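Dear colleague,

I am handing over a structure that you have not worked with before. Please have it open while you read the notes below.

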Amino acid sequence: KILAITACTAGKEKLENAAKELGDSIKVETQGSIGVENELTPEEVKDADVILISADIRVNKERFKGKPVVEIPISTVMKSPKGVINKIHEKLGK
């Protein structure tokens, strides 16, 4: 189960589509100019396998203590969202 944070709705869509195609469960929180949307809950964080942060803004990582956190530039997500998901699989050994 992947949780992600991005500042860009286009990145959110790309991550969701790539995860779906690869058979992964994903929830993406966006932190953009209109504020936080689709906020990750403490329960979701507890149940997540990994946290993906792909944002050109500063994200408070305190709430992810004890979870593997992968930080990737948004440009990488835009170019190769499936590659990003596959890299996460490698990191988790799945």
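Predicted model: local features only at pLDDT ≥ 70, side-chain atom pairs only at ≥ 80, totals over all residues.

Residues are numbered from 1 along each chain as its sequence is written, and side-chain values use heavy atoms, with hydrogens and water left out.

I begin with strand E4 (50–54), where helices (H or I, at least four residues) and strands (E, at least two) are DSSP runs numbered from the N terminus. Five of the five residues of E4 are buried, a term that stands for under 20% relative accessible area, with exposed meaning over 50% and partly exposed in between (1.4 Å probe, protein chains only). Val50, Leu52 and Ser54 point one way from this strand, whereas Ile51 and Ile53 point the other way. E4 pairs with E1 in the parallel sense over five bridges, and with strand E5 (residues 69–71), also in the parallel sense, over three bridges; strands count as paired if DSSP finds at least two bridges between them. Leucine 52 is the bridge partner of alanine 4, and isoleucine 53 stands opposite glutamate 71 in E5.

Leu52 is also among the residues with the most contacts inside the largest nonpolar core, which has 16 residues; such a core is a set of buried Ala, Val, Leu, Ile, Met, Phe, Trp, Tyr and Cys residues joined through side-chain atoms within 4.5 Å. Among the elements that each supply at least two residues of this core are strand E1 (2–6), helix H1 (9–21) and helix H4 (81–92). A second, separate core of 10 residues includes Ile5, Val45, Ala48 and Val59.

Lysine 27, in strand E2 (residues 26–32), is buried, with a relative accessible area of 17%. The side chain of lysine 27 makes a polar contact with the side chain of glutamate 44 (2.8 Å), that is, a pair of N or O atoms within 3.5 Å; within protein, one must be able to donate a hydrogen and the other to accept it, and residues adjacent in sequence count only if both atoms are side-chain atoms. A polar atom of the lysine 27 side chain also lies 3.0 Å from the backbone oxygen of glutamate 39. Lysine 79, in helix H3, is exposed, with a relative accessible area of 71%.

With best wishes
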